[in-house]
Amino acid sequence: MYFGGNFRSVILYYHTITELILKTRLINTKMSRPIAETPVLRGKDARKFLAEMERNKDKKATPEERMRIKVNYDKLMSIATFRP
C-alpha cells in the first residue's frame, strides 16, 4: 500500500492507527457488562431454597456479628469515593 509520502508519514500513520486501536480496547475494557437475568429456581433447588429460608426465618444476628458488620461498614464508608 502506498501512502503518497515518505517513510515518516507511513510511521505516523501506523502509530495513529495503533493508538486508536489501543484507546478503543481501553474504552471497551472499562465499560461494565450487562447483568444476566437471575435464573428461576425449579424442582429440587427450589425446595432446598424454600426449606433453608423457612429454617432461618427466625434467626437473628448476634450482637457481636452486628458489631463486626458495623465496623466493616464504617471502614468501607471512610474510604469510599461515593456517598449514599
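Reply: The protein chain has about 8900 Å² of accessible surface, and carbon and sulfur atoms account for 62% of that area. Accessible areas come from the Shrake-Rupley method with a 1.4 Å probe, and for residues only the protein chains shown count as cover. This is a predicted model, in which local features need pLDDT of at least 70 and side-chain atom pairs count only at pLDDT 80 or more, while totals for chains, interfaces and linings use all residues. Residues are numbered from 1 along each chain as its sequence is written, and side-chain values use heavy atoms, with hydrogens and water left out.

Of the 84 residues in the protein chain, 4% are buried (buried is under 20% relative accessible area, exposed is over 50%, and partly exposed lies in between, with a 1.4 Å probe and protein chains only). The chain holds 3 helices and 0 strands, in the order α-α-α along the sequence. Helices (H or I, at least four residues) and strands (E, at least two) are DSSP runs, numbered from the N terminus.

The average pLDDT (the predictor's confidence in each residue, from 0 to 100) is 77, and 64% of the residues score at least 70. Helix 1 (residues 7–30) has the lowest mean, 62, whereas helix 2 has the highest, 92. Where pLDDT is low, the predicted coordinates should not be read in detail.

Helix 2 covers residues 43–55 and includes M53. Together with L41, F49 and L50, M53 forms a nonpolar surface patch with about 420 Å² of accessible area. Such a patch joins nonpolar side chains (Val, Leu, Ile, Met, Phe, Trp, Tyr) within 5 Å, or like charges within 9 Å, and its residues have over 30% relative accessible area and no salt bridge. M53 has a relative accessible area of 48%, so it counts as partly exposed.

Charged side chains come next. The whole structure contains 4 salt bridges (a side-chain nitrogen of Lys or Arg within 4 Å of a carboxyl oxygen of Asp or Glu). One of them pairs R55 with E52, with 2.2 Å between the closest N and O atoms. R55 and E52 are 3 residues apart in helix 2, which means a separation of about one helical turn. R55 is exposed at 54% relative accessible area, while E52 is partly exposed at 36%.

Helix 3 (residues 63–79) holds both E65 and R68, 3 residues apart, about one turn of the helix. Their salt bridge has its closest N and O atoms 3.8 Å apart. E65 is partly exposed, with 33% relative accessibility, and R68 is also partly exposed, with 47%.

A further salt bridge joins the side chains of K70 and D74, at 3.1 Å from N to O. K70 and D74 lie 4 residues apart in helix 3, so about one helical turn separates them. Relative accessibility is 44% for K70, which is partly exposed, and 35% for D74, likewise partly exposed.
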